[in-house]
There are 2 protein chains.
Amino acid sequence: MTKRNILLTPGPTPVPPEVLRAMAEPIFHHRTPRYRELFREVSEDLKAVFRTAQTVYTFTGSGTLAMEASVVNFLSPGDKVIVLEAGKFGERWTEIAKRYQLNAIPLKVPYGEVIQPDEVERVLKLHPDTKAVYGTHCETSTGVLFDVEAMAKFVGKTNAIFVVDAISSLAADRLEMDAWGVDVLVSGSQKGLMIPPGLAFLAISKKAWALHKGAKLPRYYVDLASYDKSLKDWDTPFTPALTLVLALKEALGRIKKEKMERVWKRTEELALQTREAMKRLGLELFAKRPANTLTAVLVPRGIDGEKLVSVMRDEKGLTLAGGQGEMKGKIFRIAHLGYITTSDIQMAVSVIKETLAELSRQSSPKVQV
Amino acid sequence: MTKRNILLTPGPTPVPPEVLRAMAEPIFHHRTPRYRELFREVSEDLKAVFRTAQTVYTFTGSGTLAMEASVVNFLSPGDKVIVLEAGKFGERWTEIAKRYQLNAIPLKVPYGEVIQPDEVERVLKLHPDTKAVYGTHCETSTGVLFDVEAMAKFVGKTNAIFVVDAISSLAADRLEMDAWGVDVLVSGSQKGLMIPPGLAFLAISKKAWALHKGAKLPRYYVDLASYDKSLKDWDTPFTPALTLVLALKEALGRIKKEKMERVWKRTEELALQTREAMKRLGLELFAKRPANTLTAVLVPRGIDGEKLVSVMRDEKGLTLAGGQGEMKGKIFRIAHLGYITTSDIQMAVSVIKETLAELSRQSSPKVQV
């Protein structure tokens, strides 16, 4: 019934067959030794992916839930926070901060641009009472990679915690939570972890835990104190999304076998392959500092970007992502993370070439691709 | 690898094979016409199960997330609410209310007992400034069914909204949202809807929507305004748990074919069969007003209730639920909802009989079963 369609979006990403099969196993109860053993295993294996010795907490919810959790668990109303904004997901940090009446200082650059680490240092010096800095590792809406390692050095010298949205970059772009000194790392399931959407993760440093104790923002479902208490018995305070945890076990097994260095390298190779191919097609890359997670490409003048994406998806069996926020219709985005291969990218390149040529002929005889 | 084990817990409940298979389909992207058609279909079909003409909203999260959503979306700090407490899940309403600095008036009875509807009327008269009444349809921790229909009549005469936790009772015990006048109905996926855990639902009356406009409690991930805006295009504000939505479509198709009246009748028959069988074994039922969703049975004196449950699960292939909260070790609970058949119940009865006899012999020669 379902036509074959290559999925190259930066989340959800394709799910390996053995992971899909794991979800079709008969259901069992979560308040059992069997579940606790499963949850112990995935919670331990997640640490290797987060590159941390700290606990990784699992929520049932989308990545945005974990973003909200990393606000309400550490702050009190009126607290000052610096928010790095360079795209739709940076803007989301600001939206959440405003909802919780935080004093949010934006450090903002246009879509596609990158925030320099010494800018973070400068703003931190202007605001020594900053409680937290909210940043993004890979800004999925633009394909830009932030230099989290350098930024973390500056934040680490202050009392502020550094909270990083690594929803799309985890298990794609190199990310070293402990070695770099990231305090709170947020991620989701439907990206480099290669499982369907529905789980979100949070890893927390000791510095962040200390802040948690005095944090007065109200919370219930995402209160880390409950998760921490339950996790001592490898349990969750509320019913977990069992099928996704089963899927996670399979996917983490795959990553463990391949090893993180190789995962990063493989993703980098796909990114390089894509960037080269796009340049050969005469297309312009959008991100000033491109991530390996995904490549954002400017839609050539005269072509309707939304139509480009829908024609490829509905007629040619290739799902890419279009632009988000203010980039709607202006870029398309090709993912490299997770269960994506070099032949998927080859197929994508030829479909992009073919579709751009067709649309150029239709829209204006002057556009050359 | 997995030994066969009959799952008769009041969530998660067994998942029909075609629903499991739907989750193993290749993943696709949610910002597509294909997803919007799927989501339109399940959102419409959910109305028939909730027995409402109102919109049903779907969250990625556990039922507790939807409980929290039905607090933060309708109230402001200091608001007065009446909370009906007769077990662990009633207590959860109070916990959430306290976290959000509400003025919570408890209407409390011991575990196993039922709150009379005229008690709700009496407390409402004492507190005419009540903004909301939080109740439970089936208190899963005790197996008691509340008379939501009668209570709704009293609440309906006031300015307060009636918020009902129907997490376990939906598609199990008769529940008529619109006809009874329930304002907010909360449910989850892993119960009567027969899909794995990970989705939570909220249906909302016009009276509740009016309260939403002025509600000042902070919220982001569960803010109904975002869901309502997205749903106009059959979309969600944040990445949905796609595999579970696919599962939901299959499960709702099953329910639609069977029809709600028949679902309720079938569940009732299993409940009657169980209660009769338990009485024949000389066992005492715990709930003063038993739900059809599940049957709670007192563990006979001299038997360790936790051991009873673990022996049945680990040695005899039958997973029942033990007691929760203060009933830990004192009761066991047999579910009747969803994809459970009369032969599952027969098997359960014979395993219970056999295991009780074995444990009685071990623990004390005086205990007779």
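Okay, ground rules. The model is predicted, so local features need pLDDT of at least 70 and side-chain atom pairs count only at pLDDT 80 or more, while totals for chains, interfaces and linings use all residues. Residues are numbered from 1 along each chain as its sequence is written, and chains are lettered from A, and ligands numbered from 1, in the order in which they are written.

Chain A to start. It has 13 helices and 13 strands; those are DSSP runs numbered from the N terminus, H or I of at least four residues for helices and E of at least two for strands. The C-alpha atoms fill a box of roughly 65 × 55 × 35 Å along the principal axes. For 369 residues, a compact globule would have a radius of gyration near 21 Å, and chain A agrees, with 21 Å. That radius is taken over C-alpha atoms, and the globule rule is 2.2 Å times the number of residues to the power 0.38.

Next, burial: 55% of the residues of chain A count as buried. Buried is 20 or more other C-beta atoms within 10 Å of the residue's own, exposed is 12 or fewer, partly exposed is in between, and the C-beta atoms are placed from the backbone. As for contacts (C-beta atoms, placed from the backbone, within 7 Å), take those in chain A with a separation of 6 or more: 73% come from residues 24 or more positions apart.

Leaving out residues up to four places away in sequence, Thr58(A) touches Ser43(A), Leu199(A) and Phe201(A). Its C-alpha is also 9.7 Å from that of Leu231(A), 173 residues apart along the chain.

On to helix packing. H2(A), residues 33-50, packs on H10(A), residues 242-258, at about 40 degrees, with the axes 10 Å apart. Axes here are lines fitted to C-alpha atoms over the stretch in contact, and angles run from 0 to 180 degrees between N-to-C directions. So H2(A) is oblique to H10(A); under 35 degrees would be roughly parallel, over 145 roughly antiparallel, 65 to 115 roughly perpendicular, and the rest is oblique. Among the residues making this contact are Leu38(A) and Phe39(A) from H2(A), and Val245(A) and Leu248(A) from H10(A). By class it's 10 nonpolar, no polar and 4 charged. Nonpolar means Ala, Val, Leu, Ile, Met, Phe, Trp, Tyr, Cys and Pro, charged means Asp, Glu, Lys and Arg, and the others, Gly among them, are polar.

Now chain B. How many residues of chain B are in contact with chain A? It's 45, against 46 residues of chain A. H1, H3, H4 and H10 of chain B each supply at least two residues to that side, and H3(B) gives the most, with 4. The chain B side has 23 nonpolar, 16 polar and 6 charged residues.

Arg51(A) is partly exposed, with 18 other C-beta atoms within 10 Å, whereas Ala171(A) is buried, with 25.

Methods. Two residues are in contact if their C-beta atoms, placed from the backbone, lie within 7 Å.
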